[in-house]
Number of protein chains: 2
Amino acid sequence: MSDQRERQPPSRRIAEKLRAAIMRGDLGDGDQLPSERDLAARYATARNTAREALGILQAEGLAQAQHGRGVFVRLRRPLMRMGRDRYSRRARNETGLSPFRIEVERQGRTPHTECRSVTTVQPPADVAQRLGLDAGQEVIRRENWYFADDEPMQVGVTYIPTAVVEGSPLASEKKLGRGSIYQRFEDLGYPIARIREEVSARMPTPEEVKGLSMPPGVPVIELLHTSLDGDGRAFEVTRFVMRADVNGLDYDMPVED
Amino acid sequence: MSDQRERQPPSRRIAEKLRAAIMRGDLGDGDQLPSERDLAARYATARNTAREALGILQAEGLAQAQHGRGVFVRLRRPLMRMGRDRYSRRARNETGLSPFRIEVERQGRTPHTECRSVTTVQPPADVAQRLGLDAGQEVIRRENWYFADDEPMQVGVTYIPTAVVEGSPLASEKKLGRGSIYQRFEDLGYPIARIREEVSARMPTPEEVKGLSMPPGVPVIELLHTSLDGDGRAFEVTRFVMRADVNGLDYDMPVED
DNA sequence: GCCGCCAACTGGCTTAAGCCAGCTTCGATG
DNA sequence: CATCGAAGCTGGCTTAAGCCAGTTGGCGGC
């Protein structure tokens, strides 16, 4: 109570000074921070300590190191929001346009979707539960990558019980590799009646860091999407994983009940 | 291409071994990891390097250090989801029960809400924009903290234009400090017609780490809630910040348009 | 039986020195 | 004029040693 300013270890004090400079605007997006050796000399400390300070800023997502070049301010870019009409009939039926593509185009960036694989697998436990599958029942797994200006933005892994597409044109793995599938379910006798979404956030796995070329210190948003038919039965689950520094989600709902 | 296993620095190799042990289940939730000095001896490395390895696991949110005690496995606890009916009329009107309290009780934990402050301030830019306010117009700011079993789970900062509550019973700051306010707007001639929510995720600020007693390496979910009246005018904005390791969000919507 | 202290653990953080690897620049060489 | 390469910067990571600050448990004294 008596001493307002807490005693901070040097590394945190240096980090705080740099953070303040960024917040004040003295250092803008893309500007280079002082080098480790610089900071160490300036604050009469060991290089390790200066390094630690820069590490703190990176862990906060405020800065990003580039080996051999330096550490640079990295301010949050404006969010690319996945808007509230992303599952509208228009979005679903627009030929070849997934809701993601619509959003990206609206932002004036170039969308690009790539299907990396279509396989038949055992579903993860949380997916199996949402699809109401018993152990041992297989699903088709489709992995889609979404880019904006060739920068990877999100991954979507879709799971469909084999029973759903059995005997239909979608059963061909080739067919499943192209375009949005939301628009095709109606033809299969599975009109989408409700959509359930579960949102959480976490730190990325090492694979996701590599795949999404994410800066360290940035979380991912995980969106578990479930499509339900008129009887409330789930027939498709997609797990979207997206960089939280460039993505956000919008929901807009009437209030009733 | 030739060498599948990449060359990893020792700290990352050690972290990987520990991570594997956790994933295999050899180390369960709450179990103590080897101490820094232990690891250093076992892997014939410097204590700093072992420390770095433990730091990596903490940054991934898999472990948590306790000064003087040790480093412990910290598996994600089951999500406390904010369910899809959290804005139903029932939730709003249940006396003294905010949607959050309902959710927590459903999980068998003891809810507790605390209003830390009610003040009149200039709104942050993003809030002002959503409320359609010109520069200089003031808002009432209410800061609420939400606990489950006395553990802080989320903060909600509500902004209401002074014009909305002017001359009403809610204009008293005392009144605004108690209970949920969603149920009171109707009496003021502001029935909630639509709710807009914008979801993003980010790393917590140092203040949030302290306030929410968060382990390092865990992101927060930021939910910007906007209440709209029948004419689509926003009359209230609340920014919720919640620990992403124990919170999630559900959305359930009919498909139309 | 209780209390208080102390020893032996734990992590937190720093110093100082060094080697490695990536990037940039500039100048010498063809 | 183009190209190549070395110098000098950058971060990445490690070692070895040390002091500080929490936690725990046991041992002694009351």
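Is R202(A) buried or exposed? At 13% relative accessibility, R202(A) counts as buried, where buried means under 20% relative accessible area, exposed means over 50%, and partly exposed lies in between, with a 1.4 Å probe and protein chains only.

1. Basis of the note. This is a predicted model, in which local features need pLDDT of at least 70 and side-chain atom pairs count only at pLDDT 80 or more, while totals for chains, interfaces and linings use all residues. Residues are numbered from 1 along each chain as its sequence is written, chains are lettered from A and ligands numbered from 1 in the order in which they are written, and side-chain values use heavy atoms, with hydrogens and water left out.

2. Chain A as a whole. Chain A has 9 helices and 10 strands, which are DSSP runs numbered from the N terminus (H or I and at least four residues for helices, E and at least two for strands). Of the 257 residues in chain A, 49% are buried. Among its contacts (heavy atoms within 4.5 Å) between residues at least 6 apart in sequence, 60% join residues at least 24 apart.

3. A salt bridge is a side-chain nitrogen of Lys or Arg within 4 Å of a carboxyl oxygen of Asp or Glu, and 35 of them are found over all chains of the structure. Side chains of opposite charge can pair when their charged atoms come close. R202(A) forms a salt bridge with E208(A), with the closest N and O atoms 3.0 Å apart, and E208(A) is buried with a relative accessible area of 16%. Another salt bridge joins R239(A) to E222(A), where the closest N and O atoms are 2.8 Å apart. That pair links distant parts of the chain, since R239(A) is in strand β9 (residues 234-243) and E222(A) in strand β8 (residues 220-228) of chain A, 17 residues apart. Both R239(A) and E222(A) are buried.

4. A salt bridge in chain B. E36(B) and R47(B) form a salt bridge whose closest N and O atoms are 2.8 Å apart. E36(B) lies in helix α2 and R47(B) in helix α3 of chain B, so the pair ties together parts that are 11 residues apart in sequence. E36(B) counts as buried at 15% relative accessibility, whereas R47(B), at 38%, counts as partly exposed.

5. The surface near DNA strand C. A residue is near the strand if one of its heavy atoms lies within 4 Å of it. There are 25 residues around DNA strand C, and the closest are P10(A), S11(A), T45(A), N48(A) and T49(A). The residues of this surface divide into 5 nonpolar, 12 polar and 8 charged. Of the atoms of DNA strand C within 4 Å of the protein, 60% belong to sugar or phosphate and the rest to bases.

6. Distances to phosphate oxygens. A polar side-chain atom of T45(A) lies 2.4 Å from a phosphate oxygen of DNA strand C, and for S35(B) the corresponding distance is 3.2 Å. An N or O atom in the side chain of R51(B) is 3.0 Å from a phosphate oxygen of DNA strand C. The elements that give two or more residues to the surface near this strand include α1 (10-24) and α3 (47-59) of chain A.

Notes:
Polar contact = N/O pair within 3.5 Å; in protein donor to acceptor, adjacent residues only side chain to side chain. Nonpolar A, V, L, I, M, F, W, Y, C, P; charged D, E, K, R; others polar.
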